Amino acid sequence: MHRLIGSLTVLAIVLVTFGIQTSNQGRFRAPETLFATLKAASLPPSDGQPVRFEGHQVWRVAIASLTDLARINTLQDQVPTLDFWTDPRIGRHGVDIRVSSTKGAQEALAAYLSKFSLSYDVFIPDVQHAIEKQLLPPVVAAPHLNSLGDHQSLLSADADPTKTYFTKYHPISEINEYLDYLVKEYPHLAEKFSLGKTYEGRDQWGIKLRAPRNEPSSIAKEKKEEWIGPAVVQYILTSLITSYGKDPALAHILDSFDFTIIPVLNVDGYEYTHTTNRMWRKNRQPNAGNLCVGTDPNRNWASNWGGDGTTSKNPCSDSYIGTSPFSAPEPKNLANYVTSRNGAVISFIDFHAYSQLWMYPYGAFCDRTAPIHVESAAQRAASALKSVHGKTFAVGSICNIIYQASGSSVDFAYDTANVTFSYGVELRDQGLYGFLLPPKQIVPSGEETLAGVVELVGVIEKWLKEDGAMDL
Ligand SMILES: *[C@@H]1O[C@H](CO)[C@@H](O)[C@H](O)[C@H]1NC(C)=O
């Protein structure tokens, strides 16, 4: 049946993190003493003071075989004090791990790796230094982030904030102000709405974009300690709004589809990265009977929740799946929004950092993938993206490209909410800066990602016009 394209929505969200679980297979027991040393290391203080990362390092460990992978998985499962910045996968990029400066921790990790002949490079020699050097303003307790001075500089009387907004990363208060500004300036195109409340009671704001026309259409997105995801989604939002009536290609996609853009899904976690712990990933929901806070918002979806590929039922893990599907309000609110559209969402894109990947379903299954048109559209998007600044994004199913992952947003959108073109996109970079991507890369990253989205939407439009019969 032919559907009116104009009634479809492209949903762009930034969940918190794109958490991909590791497999339960291939476990082996490792020397207890090494683990004991590593486990004792670096539980960050939880007294609300900003967490500092002096002497913490990020190591990139090469993974050559399934055996290597199993050894890394064991570390991830058994040593929650190690912070896995990427999901382990076989290949040169292997995995990036932050190891604290607590006495003996780096030595213990080095001993473990060398015992199994796993090679590594130190790619960030001092995480605190990288935070302060690459990300301005640095994360300090920072009442000034919300100060009147900053408020005025963001939205001062005659300046156009869209011209300066993308030179830095912003805390939630500024993001909300910016969204208010866009809605006020472009009331004929943009409407602000709340998906619902976070655990701590903050609104999860989104923007619905709809060009003046009779028929309505959408893109979505989410993430955590990486700040580039929200920035890029806002860049796309800004470009769509400000170019309407000026740039024919952008105006065309806005004429053809509605867009729903949710810059930050894990609002509490994002705020916490600005105020207290730059490396925080989860939401801020307490766990009964445990001092560790938070659920990973991208392992808590009601799609094969807790299935194969799930690692962490440990509330202290960064990839803790929660007590039940949608036990975390943040993903639940987004799921309700998507399902309430009753199949009117044609595309769902969950943006994260980092690794440069454009992925499609499934995460939960390795022997099943989305059909060829979903893959082809991703390939087209990745090549359009590359044509802008030369960045290569690998394309594949989540399970095949990274690892088996159950309970993720992309599987839910595809399988449960019937969103045909569902993607998880991991933005820049490939690990030079990792989560600490310098602000001067916001605009280039936004430009290339926008090109990918425009291409994707064009492909979807053609596919719909051909009633899905088109050979992409
Ligand atoms: C998805 O499709 C199935 C099967 O057609 C249907 O039962 C279900 O209601 C649909 N879900 C949504 C959210 O549209």
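Biologist: How many helices and strands are in the protein chain?

Modeller: This is a predicted model, where local features need pLDDT of at least 70, side-chain atom pairs count only at pLDDT 80 or more, and totals for chains, interfaces and linings use all residues. Residues are numbered from 1 along each chain as its sequence is written. Helices (H or I, at least four residues) and strands (E, at least two) are DSSP runs, numbered from the N terminus. The protein chain has 15 helices and 15 strands.

Biologist: What percentage of the 472 residues is buried?

Modeller: A residue is buried if 20 or more other C-beta atoms, placed from the backbone, lie within 10 Å of its own. In the protein chain of 472 residues, the buried share is 53%.

Biologist: How many residues of strand β15 are buried?

Modeller: Strand β15 covers residues 421-426. Phe421, Tyr423 and Val425 point one way, Ser422, Gly424 and Glu426 the other, and all are buried.

Biologist: Which residue stands opposite Val425 in β15?

Modeller: Two strands pair if DSSP finds at least two bridges between them. Strand β12 (residues 345-352) runs parallel to β15, joined by 6 bridges. Opposite Val425 stands Phe351.

Biologist: And which residue stands opposite Gly424 in β15?

Modeller: Look at strand β13, residues 357-360. Its pairing with β15 is antiparallel, over 3 bridges. Opposite Gly424 stands Met359.

Biologist: Which strands are the edge strands of the open sheet of 4 strands?

Modeller: The sheet has antiparallel pairing and the order β3-β4-β2-β5. An edge strand here pairs on one side only. The edge strands are β3 (83-84) and β5 (120-124).

Biologist: What angle does the direction of helix α2 make with that of β2?

Modeller: Contact means C-beta atoms, placed from the backbone, within 7 Å. Helix α2 (residues 66-78) packs on the sheet and touches β2, β3 and β4 (91-99). Axes are lines fitted to C-alpha atoms, for helices over the stretch in contact, and angles run from 0 to 180 degrees between N-to-C directions. With β2, the angle is about 150 degrees.

Biologist: Which residues are around the ligand?

Modeller: A residue is near if its C-beta atom, placed from the backbone, lies within 6 Å of the molecule. The shell has 1 nonpolar, 4 polar and no charged residues. Ala, Val, Leu, Ile, Met, Phe, Trp, Tyr, Cys and Pro count as nonpolar, Asp, Glu, Lys and Arg as charged, and the others, Gly among them, as polar. The residues are Thr339, Asn342, Gly343, Ala417 and Asn418.

How values were computed:
A residue is buried if 20 or more other C-beta atoms lie within 10 Å of its own, exposed if 12 or fewer, and partly exposed in between; C-beta atoms are placed from the backbone. Two residues are in contact if their C-beta atoms, placed from the backbone, lie within 7 Å.
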